[in-house]
Amino acid sequence: MNYLKSSKLGFVITQLIVLVSLLLLTGCSSRNKEEPKNEGVKARESLKSKKLNVDKVKVKKDSHLKWIHYKEKCRIPILMYHSISAGNALRVPPKQFEEEMAYLKANQYYTLSTDEAIKAFETNSLPQKKVVWITLDDAYKDNYTAAFPILKKYHLHATINYITSFSQKPNHLTLSEAKTMQHSGLVDFQSHTVQHLDLNALSTDVQKQELANSKKYLDDNLKQNTRMICYPAGRYNQTTIRLANHLGYKIGLTTNEGLACVDQGWYSLARVRIAPGIDRQTFMQLLQNGY
Ligand SMILES: [Zn+2]
């Protein structure tokens, strides 16, 4: 009888120890969760849909990433895609896009959001050694129908540069599609101006409208602070840079080729053009060297 009692007591004590350990562990992880995080991670944390439970797993991983500080300025490959389809030199077929995304996933590349990329440039630090920033210009409809399923499949993040007056064009993303993508936590949207005009050829006033109105549209509709401007056809001048800075943009993306580094200028960052038909070897070289 005594033996039974003591074994029961032992069982209860064991259970209590397990319970206390669990409570302590939970306490630790919730403390970690309270640490300041960038907006990209916050956005990913705001996911509510059941379907996106996978994202929550990633969120947990991301929030525990220890950013590594580097002495030298960060050099980041910013991949430049446009349409994910076929037909001309700017269109990358879905099969190629998928192979490239699969490569990034298999080789443990971390795909930055805009906020994370800005943080990297500002602090000279990276969430891990191998990073890449995927950008798609012009917000084509196929970014939703072809690219988005692939990003979801491999759980990678990309940034779409949106032309705000194109939201009603049949070949481009509607605002509602943009919101769906944004809510997934896998895509963020930045400015590619209002009308996709050559900024270098515009008066200061019209340039200002293109930069200010597109930012306001995205800020209001996507409830964000739009901090990146991507120049249409990579065309810009000193007035563009001055205006972008004045209007609250943090960085500007060009079509100059190479790895991006703030030495190029915060508003003159280079990108890595991904052409249709390139092979695996070329893709690997582009990631490494930017050309
Ligand atoms: Zn464009």
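This is a predicted model: local features need pLDDT of at least 70, side-chain atom pairs count only at pLDDT 80 or more; totals for chains, interfaces and linings use all residues.

Residues are numbered from 1 along each chain as its sequence is written.

Q: Why is N256 called partly exposed?
A: Because N256 has 14 other C-beta atoms within 10 Å. A residue is buried at 20 or more such atoms, exposed at 12 or fewer, and partly exposed in between, with C-beta atoms placed from the backbone. So 14 falls in between, and N256 is partly exposed.

Q: What makes G234 and A270 count as touching N256?
A: Contact requires C-beta atoms, placed from the backbone, to lie within 7 Å. N256 touches G234 and A270, not counting residues up to four places away in sequence.

Q: How do you know that β8 and β9 pair?
A: Pairing takes at least two DSSP bridges between two strands. Strand β8 (residues 228–230) and strand β9 (residues 251–257) run parallel and are joined by 3 bridges. So the pair qualifies. C230 has L253 in β9 as its bridge partner.

Q: What makes β9 and β10 a pair?
A: Strand β10 (residues 269–273) and β9 share 2 bridges, in the parallel sense. E257 stands opposite R271 in β10.

Key:
Helices (H or I, at least four residues) and strands (E, at least two) are DSSP runs, numbered from the N terminus. Two residues are in contact if their C-beta atoms, placed from the backbone, lie within 7 Å.
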